[in-house]
Amino acid sequence: MKDLISKKVIRIGVAAVLAALLAAVTVALSGGSAGFAAMLSEPFFKPLKSALTSLVGSLEHVYDYMYRFDEMEAENAELKKRVAQLEQDYREYTEISEENGRLRSLLGFVERHEEMTLEPATVISWTASNFSSSFTASKGSDAGIALYDPVVDEYGNLVGQVTSVSGASCVVSTVVDTTLSLGAQMYENGEAGVAGGDFALMKEGDLKLSYISNTTNLVIGNTVITSGSGGVYPAGLVIGTVSGIAVGSSGLDPYAIVEPACDIDALAHVYVITEFAVSE
Amino acid sequence: MARRKNGVLIKGLILAPYLIILYLLQSTVFTHLQLMGTKPLLLPVAAAGIAFFCGRVEGGVFGLLAGMLMDLSYNQLTVQFTLLMTFLGILVGLLSDTVLAQGFPSYLLSCALELALVSGYQILSQWVLGNAPMALTAPVALRQSLYSLIFSLPLYYLSRFYFRVTRSGRTV
């Protein structure tokens, strides 16, 4: 036994415990914002991850283009050249149009909510975990982003919340993540509830609106918005629409299945709300 | 003494880029390569490979570093994988040193064991902390382990290559 558990093995175990303690202490000292490993590695990994993500994005674009091109070739060979040219023009147009639309939407959202301060950021990478839904965004506390800041897309739909922040980046847990829950209400009738992630629904890209009364009139297609209670989220941000109604295992707790308004899988640009007026 | 230091330096120079490349692949490229909504894990497979070939000391060190990167790729503040993968590196190395025969079947068994324990831990933590029923998390964990196991083949050759290049032998 003494031979099996040598001094070196014990030292490695102690090193692991020390690393864990150091991380716990730095997390505690930073007010739960970031561990030492994240802070130390960020300047090194952030540009590499950004470059790889953009490379993967480009490869996906190339793959999509090739796939469409093949289909068109099979359909009509003589128009191939012209279609390829049109495809190229179309892609450029779509990119410009999408960016234009995004900025217009954001402008509209900002005009409607002048009391909010927004910080734009891009999605660097998604979590490798199959048990959560979060991503790393390109800005952090240096840009004024703080822990628990709400995050929206260009239309003002709620994306999630900042759950960890370091100098140059932050981690955003999306609305479907099981760790997130927030005060919500139905836009149509003002009925209140709690919106939050649920593991079974997360895999489908949905979330749950629970703690609603048995008398609540749930209608598929109703809009669910933030209630603003608690002061963490501004009131009136669109969370999603009711896509189904179900009852919990006890048979006494109805809940609504909510499809998020933001397209989580297609997120590339997000906006962190760094300041907003709390409605009393 | 100087020779030993050189050996450690060479191992570090090989393992550091190996770890970083695997981490970057796991946290960027492989998050897009989902199979039935599941992403594969490379770092536990790589950690099992190094522990299997090089024994419990290098397995523990590699597990410690791979665990820290796992925590980073999972966007989490806690250091659960730092501790878990150090332990698993030592465990797989210990099994390889004592009871497992050398060869691909034993290596595959080590990878399966490491992935099963990582998945088991994830199921347990989801059940305790996230209140997610095991009936829902277990199929995801199973798909994750099976999908990740596919990558044990290329990583087998890389781990074996590292072992042969460094000629580390077993350090007790």
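This is a predicted model: local features need pLDDT of at least 70, side-chain atom pairs count only at pLDDT 80 or more; totals for chains, interfaces and linings use all residues.
Strands β6(A) and β7(A) form a hairpin, with five residues between the two strands. In the turn, A:Gly190 has a positive phi of about 75°.

Strand β6 covers residues 181–186 of chain A, and β7 covers residues 192–196 of chain A. The two strands run antiparallel and are joined by five bridges. Strands of a sheet pair through backbone hydrogen bonds, and the pairing is either parallel or antiparallel.

β6(A) also pairs with strand β9, residues 223–226 of chain A. This pairing is antiparallel too, and three bridges hold the record of it. Here A:Ala184 of the pairing has A:Thr226 in β9(A) as its bridge partner. In a regular strand, the side chains alternate between the two faces of the sheet.

Chain A also contains a closed barrel. Six strands make up this barrel, in the order β1-β2-β5-β4-β3-β12, and their pairing is antiparallel. From one strand to the next, the twist averages 45°. The two ends of the written order, β1 and β12, can be looked at in detail. Strand β1 spans residues 117–126 of chain A and strand β12 spans residues 269–275 of chain A. Six bridges join these two antiparallel strands. In one of the pairs, A:Pro120 has A:Tyr271 in β12(A) as its bridge partner.

Chain B can be followed through its helices. Two packed helices are described by the angle between their axes and by the distance between the axes. Helix α2, residues 43–54 of chain B, packs with α3(B) at an angle of about 170°, and their axes are 7 Å apart. Because of this angle, α2(B) is roughly antiparallel to α3(B). On the α2(B) side, the residues in contact include B:Leu43, B:Ala46 and B:Ile50. On the α3(B) side, they include B:Phe62, B:Ala66 and B:Leu69. By class, the residues of this contact divide into ten nonpolar, two polar and two charged.

A second pair is α4(B) and α5(B), which pack at an angle of about 150° with their axes 11 Å apart. These helices are therefore roughly antiparallel to each other. Their crossing is right-handed. Among the residues that make the contact are B:Leu84, B:Leu88 and B:Val92 of α4(B), and B:Leu113, B:Leu117 and B:Tyr121 of α5(B). The residues of this contact divide into eight nonpolar, two polar and one charged.

The last step is to see where the two chains meet. In this interface, 40 residues of chain B are in contact with 38 residues of chain A. The elements of chain B that give two or more residues to the side touching chain A are α1 (2–29), α3 (56–73), α4 (80–98), α5 (104–128) and α6 (134–150). The largest share, nine residues, comes from α3(B). By class, the side of chain B that touches chain A has 19 nonpolar, 18 polar and three charged residues.

Terms used
Residues are numbered from 1 along each chain as its sequence is written. Chains are lettered from A and ligands numbered from 1 in the order in which they are written. Two residues are in contact if their C-beta atoms, placed from the backbone, lie within 7 Å. Helices (H or I, at least four residues) and strands (E, at least two) are DSSP runs, numbered from the N terminus. Ala, Val, Leu, Ile, Met, Phe, Trp, Tyr, Cys and Pro count as nonpolar, Asp, Glu, Lys and Arg as charged, and the others, Gly among them, as polar. Two strands pair if DSSP finds at least two bridges between them. Axes are lines fitted to C-alpha atoms, for helices over the stretch in contact, and angles run from 0 to 180 degrees between N-to-C directions. Angles under 35 degrees count as roughly parallel, over 145 as roughly antiparallel, 65 to 115 as roughly perpendicular and the rest as oblique. A crossing is left-handed if the near helix is turned anticlockwise from the far one by less than a right angle, and right-handed if clockwise.
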